[in-house]
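These are my notebook entries on one protein structure. I set down what I looked up, in order.

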Amino acid sequence: MTLDDLKRKIAAGDALLIVGTGVSKALSDNAPTADWLGLLQDGLTRIAKYPEVDGDLHSTYELMLEQARKSSTTNFLITCASTIGDTIKDGSLQRYQNWLSEAIGDLEMTDSRLAKALAKLETPILTTNYDTLIEKALGLPSVAWTDAEAMREVYSGEKKAVAHLHGIWDQPESVILTSADYARILSDTSSQHLQSAFLTAKSFVYIGFGAGLADPNFSRLLAENAALFKHSRARHFRLCAASDLDKLTAEHADDSIEAISYGNSHQDLPLFLERLATARRQLLSNTPGSSVFARQLIVKNVRGNYLFTRQATDYNEREIDRLTIPPVLLRVPHNQSSAAQAAIEEDMEPIRVDATTVLEKKKLLIVAGDELSGVSTALQWLLAEGSMKHSLAPLYVDAMAAKAPKQPLSALVLDAASTARLINNDFDPIPPYILAVDNMRPSSSRIQRAFVENIKTIEADTVLIGCREGDERGLFESLQGSALEVEVVYLGRFGLPEIEALTGLVSSSDTSKVARTVAENLRKHRLHRTPLNICLLIVLVLDGESLGPTSSETAILNKYVLRMIGADGPYVDPRLTISPQNREAVLAELARVMTVAKVGSLGYADALQAVAKYMRSVGWNEQPSATLTGLIETRILRIGAGDEVSFRQTSYLHLFAAKAGEMDPDGFYRDLLEDPLDYAPIIRHYSALKRSSEITLIKMRDLLISNVGVHEPGSRIFSQLELTDAPSDLSRRHSEKEVRDSAAEEEDEEEYYDDTPDDDTVPFPVKRSVDRPSWVHKTDLLDLASRVLRDSDHVPNPELKDEVFILVVRGWGELLDEFSKQGVLDEAAAFGANAMLEAGYFDESSLEDVREALSLLLPTFTIVGALYTCLVSTKLAVNAKNALSTPGFVEDVQGASAAAIFMLALSLPGFGDSLKKIGDHHGKKWFVGFVLAVLGERAYMNQDLSNDDEIALRKFIVQMTGGRHRFRDDAQKKEKLDAFDTKLKKERLLSSPKRLSEGETIIDRLGEKTSE
């Protein structure tokens, strides 16, 4: 299998060739100075003519060289090299240069076959040799280790040249011959860091390094890389003659180098390399149905974000079907289907779309999803699946990278096709392909407008577009007129079957039990059902981690990253090596540097400088390059295009920036608090880690005071109910017409255009939060303030928490009103109604009624979801109770309504009385009299309730139902409401077998269902 591994590495572009003196000997017909012994013998002969070298001294040198020939180590040879080299240099640099020129520069290339065989591998060539024989054979330029940028270009495949790791004969200052030269290259940080970076990511293939003392530079190279081999998961290969195989296998028993025989004699090496080249071409052939390398790139991208590396150590060998699962695709977003249930009074399930059948040719498929919902991974799964299904080459591009003002997408496609080795130059035709465009957003910028127009004319057989939910409507409209049929699907939330399937990727036993535990923790801790949260929970559950009663997304993420850096492993003596705690500090410093600069990555040299500077400041002796390499190997960090060092997940960057805030609360963290919304994810993590940051809570209070309480109710949501005649049966379901007619028609809608820039490619906002539209600014503020309050349970200031709670719930109520008044979600309502019509939920005669109902219900369910995700926690139950007792609070319909959702979500003892209290004050308002009544009725039918809450909740439902209708007289009212009350009791008894589990509420289930 080792030879097959080598073939795959070369075909995938994951290899570098390291060429030794054996190749120079073959190219020069065994010229004496083509190897070290011959070169030193030539130098010894030369210095015999120097006046400062008398006969006795020369005899001593000859004895040293003879001893080196007989020794089994390279020490004597290196000592000889230092003595001879220093003797020649001491005369003058020109004398040294003349020797290198005559001994090495004048070597003649007599047989180019081996060099041409190397070239056929189309893999970067590096060498420890000083000669330029390969360059002469292939017509390539030379690059020395002293030119770090040119070396990087060779390493990465951007530049075709031969890279000299130990210097070139015509650049004497670059030649590494003596011990002083060797110390010089080891102290050159740019060279060492670059080499270490690629060693961890690429497989080195050593060619021309036979057994014995032919090349001490090979021993030096192994010494340079010895520490790095310990951290590198890459496999390395050393080609050798069959007679040396056993010896070299034993020599490399303790490192990651595999010896591979190329044949019985040196003459077999060119043929072996040509066979490797043939295997490479076969793997990369683009015959119908095969685009192997392009597909490997897609799989490689998915592997790059794989979270189960500890549980699945073979992940580097896995294909995409063992790295992720098919995405859940829906015709209508979850929140719209939840709102639609209330609008058309059907307990409908979101309609699933089969992820394989949706991949038709000649289609433009828009895939929309929430933040962290896994759009990129879903897009790459669909891309790989569509490629195999239709025998198309897969190409993946990021719209954020578009720069060309004309045909920006075409430019990205050409780059992707070249990287995927589908074309050799921009004029070659691209084979039939399927294209995925990630991070697409509608925008008024010139480049983005050109990008959209470019999509319409692109020659892909199928185009997949990934975007944030909310952007799909604009994209759908702007892409009309395309040659491809445009369709929209939405990423659904993973249910129990998907969680079990994900668990099955890394565990073969008890997958059902693990999945149920994960699902229970998601519900119990009210965690957002993102693929990231689910995968992290799977890891923790499989590792036997117990999640505490105050677990949050931050706590779960923190437990995971601490495992990645080894904090849960065996004890590490910090006196001997860098400890996990110190790794954590270094990562925090890198996150701090990136945050201060507002960038998502640093160049390798800048990252290394930041690490070195921090390690000096705390007096650590470890090598910064080894430390950075080790962090890359933990998969917290990664090296991307252009040798940019970044955190593998943006959430890691934000978490470690919060840890940097913990390390410097009076400096770095206070600076973040000056613009808290610009650094909201970091502030959230900081609050959840610290749990006792009173200054953060005070900052939230001050911001809320400036932004809440300035908006009087004015939308249909908080308007007076329009009474309807009481039907014969009050328990009948509410029609979409009743939803629409129950709210009084008021002012015209305002048109809103979001001009937030769409070209932000870093994890920090380019446009300040205060410059965004008022409702966007308010949403961001309430999201942050709610999370900070929820996670500040150790702040010893209950009065402050009471004050912030009242401001937060009042703010959410105001935002609900503002959403409705400004018509923020009206376009979504229209789009969703049309999608449900096409899905067959209702006929065309009901379209307008459903659209109007959704325009009321979408803002409602959006705010309900936000409250549930950001604020609802038993830790705030006392604050909610105190708020309801605060004079004037219940009289405020906006704050009281949001507080009612909070109480419903928790359903703690006494919540029924709280709802009734709010109903007494605001039962004539649409939100309370209709929405809360409907939710209350569902809670009554489905939840496990105490006797007192059951009675209070039933009274609330009856009261709200009676308040929505006109009755002929008091007698009719009493008769109908008594009948309704009796029917509620009966229906609750009949629904008991279907009751939710203890502690689960109707809000927990709202919008969380997916079809099986």
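**Basis.** I worked from a predicted model, in which local features need pLDDT of at least 70, side-chain atom pairs count only at pLDDT 80 or more, and totals for chains, interfaces and linings use all residues. Residues are numbered from 1 along each chain as its sequence is written, and side-chain values use heavy atoms, without hydrogens and water.

**Overall.** I found 43 helices and 19 strands (DSSP runs, H or I of at least four residues and E of at least two, numbered from the N terminus). Of the 1012 residues, 57% are buried (under 20% relative accessible area, 1.4 Å probe, protein chains only).

**Asp817.** I located Asp817 in helix α34 (residues 798-822). Asp817 is buried but has no salt bridge (a side-chain nitrogen of Lys or Arg within 4 Å of a carboxyl oxygen of Asp or Glu). The nearest side chain of opposite charge is that of Lys821, 6.0 Å away (Lys and Arg count as positive, Asp and Glu as negative; His and the chain ends are not counted).

**Aromatic pairs.** Tyr614 and Trp620 are edge-to-face because their planes stand at 85°, with ring centres 5.6 Å apart. Tyr669 and Tyr686 are stacked, because their planes are at 15° with centres 3.5 Å apart. Tyr669 lies in helix α29 (residues 668-673) and Tyr686 in helix α30 (residues 680-690), so this pair ties together parts 17 residues apart in sequence. Both Tyr669 and Tyr686 are buried.

Key
Buried means under 20% relative accessible area, exposed over 50%, partly exposed in between (1.4 Å probe, protein chains only). Rings of Phe, Tyr and Trp (its six-membered ring) pair if their centres lie within 6.5 Å; planes under 30 degrees apart count as stacked, over 60 as edge-to-face and the rest as tilted.
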